[in-house]
Amino acid sequence: MSPHEEPLRLDREELYSPRVDAYLDERKALQRDVPEVPEQPFLVRIFYSSWFYLAVAGALGALVGWAVLEPFFDDTAAGQGDIRLASVLLFPTVAGCIGLFLGAAEGAMCRNPQRAFQSAVVGLGVGFGGGLLSLMVAGAIFIITVKIAVAFDPGMVMGRMPQGFAFLVFMMGRGAAWAAAAIPAGIGQGIALKEKKVALNGLLGGVLGGLIGGLLFDPISLVFTTAQGKATVSRGVGFTIIGLSVGLFVGLVELWTRTAWLYMKAGPLAGKQFVLFRSTTVLGSSPKADVYLFKDSAIEPRHALIHNRGGRFEIEDCNTRDGTYVNGIPIQRHILQPGDQIVLGKTVLEFALKQAN
């Protein structure tokens, strides 16, 4: 209030006016009780955790990519340095399929076929195309580390696996190569959604996942490669671990870097979290909504908006018939606080905010 404004004063007659009672009764009638919702079972919460379903999706994608080209791979030719088309395409095909499955995973978990298809196609294209381009970088890294490994174990030139310190160098080279190659596999969803934060999370997750998976690739080959030098199972397991690592770390990076999110306590996806990474997040029954709330006739296609105003999050009702409620109170606009219960139709969402250290 400015110093020139008169303070608001109510006399006794106005305070006990029937109009005040009528207004309070009207507000009370508009309130909606927030239902008591039991906590989701542990396994349900794990199932809806992005690090879990992205790890599964990445592993399946890598397995599919390997299975497509493995029938054309020749271990004997590879051991003799004969470069075949299958060996050239194996790297980008696995990266492309990881990108395809990671892109589709979020849309599939949200029961949003449109988003799943769009992100899957972009993930496949970016993963495969980027995988082809990264072959030069990854190949250069691997060749340099192989030469270093040979310096420590000259017997490598005879085609056998390096030993001792040379094997560690060899592992590090494979890990660094896959760290570069996995970047395109991780960023596809962010490109599809046109969101820099999602793309950056995917980039960092791809690098970490590719590095860890690549480091494990050669130890796995020691276990699964046959005495005759057949590495079919070895490659299948190794690539699957790489895909799992990429998906796992993409999900973990999202978890580590999130600042605000919604936890669905009741509704069609009870147990799932929705990270608020956009400046404006749309909640509604349209498949184009960022938080897709389906199978509820009370929720309109564009029901409510959550605005990120420099770290303060404000929810706005889109003039809907059924309304938007926060802690049981109907709102038009409301600054959200951690723990606020948002009710739209039959859906209950809890707002969470990472506290600054």
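**Salt bridges, loops and a helix crossing**

Author: Arginine 333 is partly exposed, with a relative accessible area of 45%. (Buried means under 20%, exposed over 50%, and partly exposed in between, with a 1.4 Å probe and protein chains only.) This is a predicted model: local features need pLDDT of at least 70, side-chain atom pairs count only at pLDDT 80 or more, and totals for chains, interfaces and linings use all residues. Residues are numbered from 1 along each chain as its sequence is written, and side-chain values use heavy atoms, with hydrogens and water left out.

Now look at the partner. Arginine 333 makes a salt bridge with glutamate 316, and their closest N and O atoms are 3.4 Å apart. (A salt bridge puts a side-chain nitrogen of Lys or Arg within 4 Å of a carboxyl oxygen of Asp or Glu.) Glutamate 316 sits in strand E6 and arginine 333 in strand E9 (residues 333-335), so the pair ties together parts 17 residues apart in sequence. (Helices, H or I with at least four residues, and strands, E with at least two, are DSSP runs numbered from the N terminus.) Glutamate 316 counts as buried, at 16% relative accessibility. Two further residues join in: Arg309, Glu314, Glu316 and Arg333 are linked in a network of salt bridges.

The structure holds eleven salt bridges. One of them joins glutamate 106 to lysine 272, with the closest N and O atoms 3.1 Å apart. Glutamate 106 is in helix H6 (residues 85-109) and lysine 272 in the loop between strands E1 (260-266) and E2 (273-275), so this pair ties parts that are 166 residues apart in sequence. Both glutamate 106 and lysine 272 are buried.

Another salt bridge pairs arginine 321 with glutamate 300, at 3.9 Å from N to O. Here too distant parts of the chain are linked, 21 residues apart: arginine 321 is in the loop between E6 (312-317) and E7 (324-326), and glutamate 300 in the loop between E4 (291-292) and E5 (304-309). Arginine 321 counts as exposed, at 79% relative accessibility.

The loop between E6 and E7 also holds asparagine 319. Asparagine 319 has a positive phi of about 55°, although it is not a glycine. Most residues other than glycine have a negative phi. Asparagine 319 is exposed, at 65% relative accessible area. Asparagine 327 likewise has a positive phi of about 55° without being a glycine. Its place is the loop between E7 and strand E8 (329-331). Asparagine 327 counts as partly exposed, at 40%.

Next, two helices. The axes of H8 (residues 165-181) and H10 (residues 196-224) come within 7 Å and cross at roughly 140°. That makes H8 oblique to H10. (Under 35 degrees is roughly parallel, over 145 roughly antiparallel, 65 to 115 roughly perpendicular, and the rest oblique. Axes are lines fitted to C-alpha atoms, for helices over the stretch in contact, and angles run from 0 to 180 degrees between N-to-C directions.) H8 residues including Phe167, Met171 and Trp178 meet H10 residues including Val207, Leu211 and Phe217. (Contact means heavy atoms within 4.5 Å.)

Finally, the whole. The protein has eleven helices and eleven strands. Buried residues make up 46% of its 357 residues. Of the contacts with a separation of 6 or more, 61% are between residues 24 or more positions apart.
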